[in-house]
Amino acid sequence: MEIASAAILPQLIVNGLIAGAMYSLTAAGFSLVYATNRFLNLAHGGIMMVGAYLVYTFFNLAGLNFYAASFLAVICTSLFGGFLFVSVYRPLRQKKAANMVMLIAAAGLAILLEALVTLIFGTDVKQLNFISVQEGWHIAGAIITPLQLVVMAVSAVLLVSFAVFMKYSSWGKLIRAVADNADLARTTGINPYAVQLWSFVIACAIASVAGILIGLERNIEPRMGLGFALVSFASTVVGGMGSLPGAILGSYLIGLAENVGQWILPSGYKEAIWLVMLFLFLLIRPSGIFGTEQGVRQTKL
Amino acid sequence: MRKLKFLGAMAAGLALFGAGCSFTPPGEKSVTEGSYVPKTADTSPIKIGWVGPLTGDAASVGKDALTAAQLAVEEVNAAGGINGRMLELVAEDGKCNPKDAATAGNKLINVDKVPAIVGTACSGEMMAIAPTAEQNKTIMVGYCASAPTVSAAGDYIFRTYPSDVLQSKFVAEYVYNTLGKKKVATLAVLGDWGTGLKNGFEQRFKELGGEVVSSQDYVQESRDLRTQLTKAKDSQPEILFFVGYTEASIAGLKQAKELGLNVSIIGGDAWDDTKIHANSFAEGIMYSVGAAPQYDLAWVEKLKQKGATTNVCVPRSYDNVKLLAEIMKRTGTDTAKIKDELYKVQGYQGIGGIVNMDSNGDNTSAQFQIKVVKNGKAEAAK
Amino acid sequence: MSAYFSQILILICIYAIVAGSLNLAFGYTGLVNLGHIAFFGLGAYTSAILTVEYQVPFMAAFFAAGAVAGVFGWVITAITSRLKGDYFALAALAFNFLAVAVFLNWISFTHGPLGIAGVPRPQIFGLKILSPEGYAAFAFLVMAAVFLFMRRLTASRYGRVLEAVRDDALGAEALGKNVFRLKCQCLVASTFCAGLAGSLFAHFIQFIDPYSFYLPDLIVALTILIVGGLASLKGSLAGALIIIIIPELLRFLPIPDHVVGPLRQAVYSAILIGILLVRPRGIFGKVDLE
């Protein structure tokens, strides 16, 4: 087993931060949906992928200005997310479907989205080609590109706005009330349905921003969503189910662990590192870093 | 005991379902069909199967390969088919995984009763269909399955795509002898193809006296190879051997450039994909690929008109249809005869190079060449 | 043709066992074991490694597959004993991912991504099962035995105690039932059956690799379970029948070759969502989990 030299440590940390920032873009929306709707939306990665393909359509195929294309993509993805919620998730909830059924419906939706995108766009990788590729900036013994800095900035804005918005704004309070106990919220005159719908739409808007940035950084493929949905799930557990800032910090923890961990471990174990972490968290601290539920929530999935 | 009744009913139902369709003992198929070849001008089409990934991770490889096979079928039919009988391609999705490939193969072999299957792309698919194919004496001719295990998969199992063993040896010798590089870092996708190429390369390179300073892996879905590349850069190699499929390679090559990994990079045959070459960061990369005496540009143009680009699995998918068609003109659909003819194939000139079959059903004439990307186009290296 | 139906029947039997045993844990006892496919995989790997590397006779490897899966089932219940509801499900899912990572990286034992090829067809008391029809008969017998066993279990007083654990764990405890031991026993029985199914799978496909035991199969198993209905063994049988046959039927529709894969996937997932929307309780389901 080879142990790399300490000189690469700064770069590994930066790599971890970049990966964490990418994960946090999808984890944020994933956890918002879980907090208000109480189901694991495995289709969240698929919605992110739809956002990426929309910007590809508007920018590369229709030839719009990149920023206009991005704006349009965000709007369309949000509308599309709202449509999915109203046509699939909401009717299921009205039938009192178990969370498990919701999870399966979400998985089915993820497969459906992937299949539809494959039918329309084909299976091959698409490149946005908006930014020319060159060696990144050298900062503190590590290399980072401007785009990666933008990704990290967006992630930081999400983190701060979640932390502040959720705590102080009236909308944030509504979301928290529904997240804590939808039935109780209803008795106080809150319409949980509206909160759940709007949370879902906002999550989709964030997902499409994620799709654009991930598309710029890693290109666009029909399969790009699944991996992100899984890491989002892990981040949400590590950060604490239902805690929005927690999910973002969880993403960074996973990004750092899998990249810095390779300093000692062979790189084939990259995914195993975060899986072990996820498993240990569930065993030792199931409520995650910021969760408050102490692992006894009785709602069945 | 309601359960028992239900089980019984289910069994009876399935038995009836099965009985309604004619029972043909699988072993006798080739005898009955084979002896009828074209005596009285039979004009019914001849079905041949095709299996490859049409959905899932490897779908981009499979889709273009299918288009190439369809092109070959059209050409065969336009030229009069097999002694007047048209070829009909029945494609099934193997998803690059054993379970789906097994059900796909089962349908082709037992329902369509194809004499031959062009496939598969992935070695896992090949290994899962091989037992059924072997038992039913159905020919399989792999167009992209390259794992060494396929050699021993059975009598009726062939491939025109060379085993990884040959390619990895060739690249190692090229890097050590021709390029004169003695310190290499390797980075390969975990999987039969990537791991196979990497292991073979490292073994041969060390035998030659070279040093492998860093050996890294990544999973097929990974598009973030930054840390692997950081480790590779840190080991100060003279060259990087990077084995990956198109999607991960585009991401990885970009990240290598961003991380300032300024050494030569050499890759495997999956890099024979114009989608990689068109990128600025792919300038100067080298890769090994099966040597065709001349790259048939007219053929590439025909593919393009059908909306496909060429990738590593495409040429042999086309060649295998043509090769089978040529043999069936002589033997009809008798699979035992087709099998014997396949073992005799020597010097067959296909788009993907020459085919010489050995006693394992492997193509031994794996002549490779190194190509280098210049100005967004691949050209043969000196 | 009979060979074709036999092979479909084999898959139906295998997935009926997988879904039925998941139903035992999930539907009857309320243990949302999202890691069920890991035990299926453990069984497959145990059986394949024993027969290929150590030339162990099939019947021994077959039961060893169940035993290894059962032991891991016990270990998982033991270490997750503090977790309930959502969190048990998540830990089990994480265990599944972890199992795949081990299959993938423990190369000296599992051959890693290269998979294990040449898994032999079973030989029982000197009789080698070569034909698909013979294997289908064998798989059917195994399935019938497993379902009779589960039927006996769930229809008995013991089964009602399990359902009490699902509906009201605290109440069951108050009545002097050792809830933890009951859950353990149930999960061991469930994973043992999954291990047997894994062995059937390995000797049927004759080639296994890590990705055969991953999310896609979990989704198939859950779909069968939900379509058939929770806490209904009959439902799991019917579910397996439907869910395995639908994609086969789709093969025979006149669909152009180049769209056949994604279109089949789209139709399949649309049917799944449709069934969930029309009847989330499943065909024979007796309970709603809320």
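This briefing walks through the chains, the contacts between them and a few local details.

The model is predicted, so local features are described only at pLDDT of at least 70 and side-chain atom pairs count only at pLDDT 80 or more, while totals for chains, interfaces and linings use all residues. Residues are numbered from 1 along each chain as its sequence is written, and chains are lettered from A and ligands numbered from 1 in the order in which they are written.

**Chain A as a whole**

- Chain A holds 11 helices and 2 strands; helices (H or I, at least four residues) and strands (E, at least two) are DSSP runs, numbered from the N terminus.
- Along the sequence, the order of these elements in chain A is α-α-α-α-β-β-α-α-α-α-α-α-α.
- The radius of gyration of chain A is 19 Å, which agrees with the value near 19 Å for a compact globule of 301 residues; the radius is taken over C-alpha atoms, and the globule rule is 2.2 Å times the number of residues to the power 0.38.
- Along the principal axes, the C-alpha atoms of chain A fill a box of roughly 60 × 50 × 35 Å.
- In chain A, 59% of the 301 residues count as buried; buried means 20 or more other C-beta atoms within 10 Å of the residue's own, exposed means 12 or fewer, and partly exposed lies in between, with C-beta atoms placed from the backbone.
- Of the chain A contacts between residues at least 6 apart in sequence, 77% join residues at least 24 apart; two residues are in contact if their C-beta atoms, placed from the backbone, lie within 7 Å.

**A closer look at A:L244**

- A:L244 sits in helix α10 (residues 244-260) of chain A.
- This leucine counts as buried because it has 28 C-beta neighbours inside 10 Å.
- Beyond its neighbours within four places in sequence, A:L244 contacts A:A28, A:S31, A:L32, A:A35, A:F162 and A:M166.
- A:A27 is 217 residues away from A:L244 along the chain, yet their C-alpha atoms are separated by 8.7 Å.

**Strands in chain B**

- Strand β3 (residues 116-118) of chain B runs parallel to β4(B), joined by 3 bridges; two strands pair if DSSP finds at least two bridges between them.
- β4(B) also pairs in the parallel sense with strand β5 (residues 157-159) of chain B, again over 3 bridges.
- B:V141 takes part on both sides: B:V118 is its bridge partner, and B:F158 in β5(B) stands opposite B:V141.
- Both faces of β4 (residues 139-142) of chain B are covered, with B:I139 and B:V141 buried on one side and B:M140 and B:G142 buried on the other.

**Confidence in chain B**

- Chain B has a mean pLDDT of 85, and 88% of its residues reach 70 or more; pLDDT is the predictor's confidence in each residue, from 0 to 100.
- Residues 12-38 of chain B have pLDDT below 50, and this stretch has 30 contacts in the model beyond near neighbours in sequence.
- Where pLDDT is low, the predicted coordinates should not be read in detail.
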